[in-house]
Amino acid sequence: MTLSRTVQRTVLTAALLSASALAFPASAQAAPLPPACQEALLTTLDKFPVTDFTVPDKVQNAMLVEVMNLSDADQQAMTQEACAAWNNWATKNGQAVATDLDTRYRNAAGPACNKFTTSAIGTIKKYAPNIPVQTRELEKVAKKVWQNTMQKLSVEATNADCRKAYNGVKAGW
């Protein structure tokens, strides 16, 4: 798998459904991921077959940095039970989530950064309450990744519309 594909999988998971913590350990000394978490990393993107929804490169890169820098405590949320619950939920709901993302993306105004934030946060808010309780610790980590990423982008974006878009969703869902 190429780094680009790994980044896309990681970011889509994080941005959409509270699972950025599924990505990979932050340090070489970290314990290996449980099998269900490895499966989540390898298959989550395929479970959400979007056609229009796009994650801007700057968002992908910023989220990847956040995920790579997860603390040991945050990594503890990556359990076999949590990841298995995520995998089952994503399999059952992926098409509906993808359809919702695509619809919101097509209907959102402005530059790609605004289309991304509008569609991502709208879909997350819609579906997050239905994610299994076993994934709640993963969701906490994903919120942290989201908030840190959006805060960073709201300061660093060179486009004023993008700064506004990132600032408007940095509180999360």
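This note sets out numbered points on the predicted model shown above.

1. Basis. The model is predicted, with local features requiring pLDDT of at least 70 and side-chain atom pairs counted only at pLDDT 80 or more, while totals for chains, interfaces and linings use all residues. Residues are numbered from 1 along each chain as its sequence is written, and side-chain values use heavy atoms, with hydrogens and water left out.

2. Overall composition. The protein chain contains 8 helices and 0 strands, where helices (H or I, at least four residues) and strands (E, at least two) are DSSP runs numbered from the N terminus. Read from the N terminus, the order of elements is α-α-α-α-α-α-α-α. Of its 173 residues, 52% count as buried; buried denotes under 20% relative accessible area, exposed over 50%, and partly exposed the range in between (1.4 Å probe, protein chains only). Among contacts (heavy atoms within 4.5 Å) with a separation of 6 or more, 78% join residues 24 or more positions apart.

3. Nonpolar core. A nonpolar core is a set of buried Ala, Val, Leu, Ile, Met, Phe, Trp, Tyr and Cys residues joined through side-chain atoms within 4.5 Å. The largest such core has 42 residues, of which V59, F116, W146, M150 and Y166 touch the most other members. Two or more residues each are given by α2 (35-47), α3 (57-68), α5 (80-107), α6 (112-127), α7 and α8 (160-169). The largest share, 8 residues, belongs to α5. Beyond its neighbours within four places in sequence, V59 is in contact with F116, T149, M150, L153 and Y166.

4. T149. This residue lies in helix α7 (residues 136-156). T149 counts as buried because its relative accessibility is 0%. A polar atom of the T149 side chain lies 2.7 Å from the backbone oxygen of V145. Residues up to four places away in sequence aside, T149 touches V59, A62, M63 and E66.

5. Packing of α6 and α8. Two packed helices are described by the angle between their axes and the distance between the axes. For α6 and α8 the angle is about 15° and the axes are 8 Å apart; axes are lines fitted to C-alpha atoms, for helices over the stretch in contact, and angles run from 0 to 180 degrees between N-to-C directions. The two helices are therefore roughly parallel to each other, a class that covers angles under 35 degrees. The contact involves C113, N114, T117 and I121 of α6, together with D161, C162, A165, Y166 and V169 of α8. The crossing of α6 past α8 is left-handed, that is, the near helix is turned anticlockwise from the far one by less than a right angle.

6. D74. Helix α4 (residues 72-75) holds D74, which counts as buried because its relative accessibility is 13%. The D74 side chain makes a polar contact with the side chain of K144 at 2.9 Å (a pair of N or O atoms within 3.5 Å; within protein, one must be able to donate a hydrogen and the other to accept it, and residues adjacent in sequence count only if both atoms are side-chain atoms). Setting aside residues up to four places away in sequence, D74 touches V141 and K144.

7. T51 is placed in the loop between α2 and α3 and counts as exposed because its relative accessibility is 64%. Its C-alpha atom is 10.0 Å from that of Y105, 54 residues apart along the chain. N93, in helix α5, counts as partly exposed at 23% relative accessibility.

Notes: Angles under 35 degrees count as roughly parallel, over 145 as roughly antiparallel, 65 to 115 as roughly perpendicular and the rest as oblique.
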